[in-house]
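Take a look at the model below. The paragraphs after it go through the chains step by step.

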Amino acid sequence: MAALTISTTPSSVATETPAAGQPVKRNRFWAWLFIALGAAYFLLPLVATGYWSLRAEKDKLGFEAYRRLFDDSNFFPAFTQSLVNAVAAIALSLAIIVPTAYWVTLRVPRLRPVVEFITLLPFVIPPVILVFGLIRLYSRPPLLLTSTYGKSRVVLICAYAALSFPYMYRSVDNGLRAMDVRSLTEAAQSLGASWITILRRVIFPNLRVALLSGALLTFAIVIGELTVALFLAQRTFGPYMAELTRSKVYEPSAMAIVAFALTWSALGMIALITRPRSRQ
Amino acid sequence: MSGGFLSLEGVRKEFEGVVAVDTFNLDVDPGEFVSFLGPSGCGKTTTLRMVAGFEQPSSGTIRLAGQDVTYAKPNQRNIGMVFQSYALFPNMTVADNIGFGLTVRKENSAAREARVTELLDLIHLPDKGKAYPFELSGGQQQRVALARALAIRPQLLLLDEPLSALDAKIRDELRTEIRRIQRQLNITTIYVTHDQEEALALSDRIVVMSKGRMEQVGPPFEVYNYPGTPFVAAFVGQINYLQGQVMDPASGTVTVGSATLRTTSGIEAGPGQPVTLMVRPEELEIGDHEENQVKGIVESVNFLGAIVRVRVDTESGMVTADLFNERLLELPKVGDTVTVCFPPHACWAMPAAS
């Protein structure tokens, strides 16, 4: 900013430069300070957890807690199950939200506040209420969907998709607002494209970044979700972590670090897979 | 049934009780370039969108090549459309954009590539096939959009204010380019614009529209020189208004202030009735060598290069004279008392607005 102001009046350069130099340095100092504070706020607990996880053996730092964790036969099945649930919930959520948001933007923009409100409901309704509602509705004929572990898992995935609506709708809606949906749709239509082709070839690819951020948030919620999984008696990562925290000392910390690393590498994979072919 | 390649018969469109387009009748010949010209909200874009299939008429019929397409879906009409905002698909390269319609039609890849190359040559961007839209200038993007619309060999080309987002120089270039390509392919074209210069320069015929109605349809020369309504006279080109009263309809004389002016265009009003005499700025000259003369004081002199615009405050209002620049031109000075003159055939009278 300062450089811009100065360049408009060359005569003032000499007098203003030294004065302008000071605040720039000071600003930078404060900026770095806040960045450092922010980083410390996030990283210190992580470092502390990491440190604690290395102290499983007396008077010695080592990976004993990790070894015990990986030896536990329940760890990987629970994590994998959550991973699959998350991917399924993301796919379901996308399949519902993208066409809805697209249609609202294109045809009934007046309904946007209504749809926004509906997608916000998971914020208003606590998961415990949601899961009781689901159990009540789906535990008796004609909609008996909690009779087996597999069926309950489907209910769980549907519940996760619903929980992701606030994030997914907002991401998709922002993405749609950033492009000229109407003209792109009409251009594709005039070239002979059907609705499915338009969604698949024009809308989805241009929403890549928005979809990614929605998917990341959904992933982050689902991977460690406890309440709904617990009440639907699912052996996912959330209940597993809760159980471990109750019974072990060092393993929960090791697991937190592993979960953190696994989650971030999964997210990194998504980012890598959905990376645009060319820089945009 | 009428004989146009594209024909709109009694087409009307209402949005929640508000009439956007009222009783629109038009026949467009094959290979003809027709412009819809009018201010914002006059219904020109709505009419175009009905032809494209993005809006459905409240009543009336649209026929294309003899087929009733009034309620056909946009993707079944084989119409190419170019949008003001280019509407290129950002995730696709230029070649993929141009080839999109052919991909949708499942044409084989060799035919598609050949067609894309042909169109890239046509728009003079042969080496931009691999570029993404964001790497191109506005003018280049609009050329690609044009190529994309033409790739499917449409029966009809629709252009919705395609040059509005471009700067003046590019606009002029692209205007010429659009006309060249249209003539080369002999494709029937409807062009929507609010820019009268564009419409005059490009069209075989212009449809001037106002408040959902067609005001006049005709070739540019006719619309400009023989405007059918006061709106057309005012909207297409600049115009001077001289308020007066009919003196003698038979001889075409009108009193304007203390002057008596004559028109050869005929007057549809009785003696003593108020009329507005209209004359284009380029028909006015400074001097007393023409029959119709009005005195006034020079209020401003603006040198615009090819023309010099002189505004003169007369007893019947401000008039503007556009004088063609030449080296020997003697420019009047601000405050000078001058006589503005014009020949009787240059002006026409219309009943004064109440």
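What follows goes from confidence and fold to the interface, the core, one set of strands and a few backbone angles.

This is a predicted model, and confidence comes first. Chain A has an average pLDDT of 82. In chain A, 88% of the residues score at least 70. Helix 1 (residues 2-8) of chain A has the lowest mean pLDDT of the elements in that chain, at 36. Helix 8 (residues 181-190) of chain A has the highest, at 93. Residues 1-21 of chain A have a pLDDT below 50. Beyond near neighbours in sequence, this stretch makes seven contacts in the model.

Now the fold of chain A. Chain A holds 13 helices and zero strands. Read from the N terminus, its elements run α-α-α-α-α-α-α-α-α-α-α-α-α. Chain A has 280 residues, and 31% of them count as buried. Take the contacts in chain A with a separation of 6 or more: residues 24 or more positions apart account for 74% of them.

Next, the interface. How many residues of chain B are in contact with chain A? There are 20, and they meet 17 residues of chain A. On the side of chain B that touches chain A, strand 6 (79-82) and helix 2 (94-104) of chain B each supply at least two residues. That side of chain B divides into 14 nonpolar residues, five polar and one charged.

Then the core. The largest nonpolar core has 150 residues. Which of its members touch the most others? They are Val172(A), Ala145(B), Ala147(B), Leu158(B), Val207(B), Val208(B) and Leu277(B). Helix 7 (residues 149-177) of chain A gives the most to this core, with 14 residues. Setting aside neighbours within four places in sequence, Leu158(B) is in contact with Leu48(B), Val51(B), Ala52(B), Ile79(B), Gly80(B), Met81(B) and Ile190(B).

Leu277(B) leads on to the strands. Leu277(B) is the bridge partner of Leu242(B) and sits in strand 14 of chain B. Strand 14 (residues 274-279) of chain B pairs with strand 11 (residues 240-248) of chain B. The two are antiparallel, with six bridges. Strand 11 of chain B also runs antiparallel to strand 12 (residues 253-256) of chain B, joined to it by three bridges. Here Gln245(B) stands opposite Thr255(B), a residue of strand 12 of chain B. Strands 11 and 12 of chain B form a hairpin, with four residues between them. In the turn, Gly252(B) has a positive phi of about 75 degrees.

Positive phi values also turn up at residues other than glycine. Thr23(B) is not a glycine, yet its phi is positive, about 40 degrees. Thr23(B) lies in strand 2 (residues 18-28) of chain B. Is Thr23(B) exposed, buried or partly exposed? Thr23(B) counts as partly exposed because it has 15 C-beta neighbours inside 10 Å. Arg153(B), also not a glycine, has a positive phi near 50 degrees. Where does Arg153(B) lie? Arg153(B) is in the loop between helix 4 (138-151) and strand 7 (156-160) of chain B. Arg153(B) has 12 C-beta neighbours inside 10 Å, so it counts as exposed.

Key
Residues are numbered from 1 along each chain as its sequence is written. Chains are lettered from A and ligands numbered from 1 in the order in which they are written. This is a predicted model: local features need pLDDT of at least 70, side-chain atom pairs count only at pLDDT 80 or more; totals for chains, interfaces and linings use all residues. A residue is buried if 20 or more other C-beta atoms lie within 10 Å of its own, exposed if 12 or fewer, and partly exposed in between; C-beta atoms are placed from the backbone. pLDDT is the predictor's confidence in each residue, from 0 to 100. Two residues are in contact if their C-beta atoms, placed from the backbone, lie within 7 Å. A nonpolar core is a set of buried Ala, Val, Leu, Ile, Met, Phe, Trp, Tyr and Cys residues joined through C-beta atoms within 7 Å. Ala, Val, Leu, Ile, Met, Phe, Trp, Tyr, Cys and Pro count as nonpolar, Asp, Glu, Lys and Arg as charged, and the others, Gly among them, as polar. Two strands pair if DSSP finds at least two bridges between them.
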